[in-house]
Amino acid sequence: MSKTGNNKGNNENAASNTTGEGDNVNTALISFEQEMRNAPPGVQEQLRALLQQMDVNGAVSGSSGSGSGKEAKSMEDHKFWKTQPVVKHDEIVEVDGPIESDVPLDQVRAAPYPLPKEFEWSLVDVEDEKEIKELYELLTLNYVEDDDAMFRFNYSANFLKWALLPPGWKKSWHIGVRVTSNKKLVAFISGIPQNVRVHNTIKRMVDINFLCVHKKLRSKRLAPVLIKEVTRRTHLEGIFQAVYTAGVVLPKPVSTCRYFHRSLNPKKLVEVGFSRLARTTTMARLVKQYKLSAETTTPGLRPMEEKDVGAVTQLINKYLSHFELAPHFEEADVRHWLISRPGVVWGFVVENPETKDITDFFSFYSLPSTVINNPKHSTLNAAYSFYYAVQTPDEELDKITDEAERKIARDDAVKNRLMRLMQDALILARRNSFDVFNALNLMDNTLFTEDLKFGPGDGYLHFYLYNWRCTTIQSEKVGLVML
Ligand SMILES: CC(C)(COP(=O)(O)OP(=O)(O)OC[C@H]1O[C@@H](n2cnc3c(N)ncnc32)[C@H](O)[C@@H]1OP(=O)(O)O)[C@@H](O)C(=O)NCCC(=O)NCCS
């Protein structure tokens with residue numbers, strides 16, 4: 001139940017968009033979204049409801065047909081999800097809160113859910129080299145692909161260790177399924193603990209990821225058993241809410257975000273079919289269009305170190321308080337998630353050269369994809385924007401009484417800082433041999449994506465909460481980034 005995100009850019013050259021109907025729909029959607037942001041609050045709500053409706057019914061789709069609405073089913077057809085404590089597609093939520101009460105420990109089912117007789121449960125020891133390799137191989141060959149089966153996520157083993165062993169991790173939440181006869185690992189689901197704030201409530205939740213069933217075992221209703229088993233095991237630990245993301249529409253997204261892509265290596269992106277060369281341009285022009293300067297420009301920019309953990313924790317929690325769905329970080333989380341790890345994650349801070357204060361930071365992670373059946377390239381190196389934070393002039397903003405004016409002033413202040421930071425992030429990503437830099441339209445990303453030449457892709461990511469009812473959250477109010 002992680003992301004899809006393994007989706008293609010629509011077109012290299014948005015200005016000469018010639019790729020047909022799907023792109024026109026996307027262009028219309030983007031301008032609709034822009035119009036919506038400029039509309040008065042009441043009208044915004046109505047437009048948003050309309051957009052959400054289109055989304056769920058699959059009317060909004062990208063050029064490859066993989067829009068946010070793919071596989072939308074009626075509630076009745078969700079044989080599994082209709083039995084679960086999740087918000088129904090047609091439900092209007094007015095008050096936030098749990099759908100089901102917490103279950104006392106002595107009432108939590110004690111035995112694992114039964115599996116078909118050829119299979120057995122097997123916890124994966126992520127710290128064991130042999131077992132992490134088995135997990136890596138399962139995912140590399142069977143995890144998320146784009147709709148046209150051109151790319152498949154290829155999370156590295158070191159990435160998986162980083163993702164699955166954060167502070168508070170539990171071995172009982174790294175759940176594998178093996179074939180009883182030969183012990184081959186054929187399915188997996190994982191959870192990690194995370195403090196998540198939804199509107200004004202902070203809850204200890206489990207963040208579910210890496211749900212995968214071997215290609216040969218698909219459509220046999222194994223996924224529901226995995227989901228029920230991880231739920232049982234989180235109940236045993238006294239946790240009753242989960243957060244997860246998926247490219248498919250399930251009941252019911254709390255938010256839907258769109259992927260944006262910034263070419264760093266346009267020639268390779270065209271060669272692997274990630275993007276297309278518009279008829280009106282040439283490769284040389286395209287390369288020039290996306291060329292980046294060699295050096296970063298933010299004064300005081302340097303890799304984040306252990307000594308920055310306290311300052312970054314304060315900075316990020318304050319920045320994330322602006323959003324409606326966001327993690328709440330302890331210092332241990334910041335240390336784990338945001339200090340660079342070779343080949344996995346890059347974290348940078350801005351230290352004011354005079355005061356030595358940490359004023360901003362950003363991070364990105366590496367998630368390559370296997371390029372399926374391409375004669376020239378086997379891997380697409382993608383960097384994904386992770387957490388960042390900038391200081392905002394809160395005292396000045398508080399003096400502005402008009403809400404709309406305050407928003408404009410905040411966005412201006414954030415944009416000023418963020419543009420330069422993200423430009424530097426692109427330069428650093430290019431320096432580290434990434435081919436593309438991906439970002440969702442969450443947090444304040446829309447303040448820089450257009451100016452920094454990101455283009456809309458054909459993938460959407462839906463955010464879900466399990467056993468938590470809450471009102472829909474706009475993408476730019478999402479402050480949670482899932483791996
Ligand atoms: C996702 C995956 C595990 C589903 O397994 P499957 O064999 O296709 O489906 P199953 O027959 O076991 O189960 C179908 C049920 O799982 C649900 N389901 C499918 N994908 C899901 C997802 N990503 N998250 C949660 N539930 C999902 C279906 O909606 C269906 O339930 P419903 O009848 O209530 O609608 C499998 O397709 C897979 O490994 N895909 C590649 C990796 C991937 O996409 N992982 C999910 C990342 S978000």
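**Two helices and two residues in a predicted model**

Helix α8 (residues 309-320) and helix α9 (residues 331-338) pack at an angle of about 100°, and their axes lie 9 Å apart. Axes are lines fitted to C-alpha atoms, for helices over the stretch in contact, and angles run from 0 to 180 degrees between N-to-C directions. The two helices are therefore roughly perpendicular, a term for angles of 65 to 115 degrees. Helices (H or I, at least four residues) and strands (E, at least two) are DSSP runs, numbered from the N terminus.

This is a predicted model, in which local features need pLDDT of at least 70 and side-chain atom pairs count only at pLDDT 80 or more, while totals for chains, interfaces and linings use all residues. Residues are numbered from 1 along each chain as its sequence is written, and side-chain values use heavy atoms, with hydrogens and water left out.

Arginine 262 belongs to strand β7 (residues 255-263). Because its relative accessibility is 3%, arginine 262 counts as buried, that is, under 20% relative accessible area with a 1.4 Å probe and protein chains only. A polar atom of the arginine 262 side chain lies 3.0 Å from the backbone oxygen of tyrosine 290. Not counting residues up to four places away in sequence, arginine 262 touches several residues, including Leu426 and Leu452; contact means heavy atoms within 4.5 Å.

Methionine 419 sits in helix α11 (residues 403-431). At 22% relative accessibility, methionine 419 counts as partly exposed, the class between under 20% (buried) and over 50% (exposed). Beyond four places in sequence, methionine 419 touches Leu447, Phe448, Asp451 and Leu452. The C-alpha atoms of methionine 419 and leucine 447 are 7.8 Å apart, although 28 residues separate them along the chain.

Terms used. A polar contact is a pair of N or O atoms within 3.5 Å; within protein, one must be able to donate a hydrogen and the other to accept it, and residues adjacent in sequence count only if both atoms are side-chain atoms. Angles under 35 degrees count as roughly parallel, over 145 as roughly antiparallel, 65 to 115 as roughly perpendicular and the rest as oblique.
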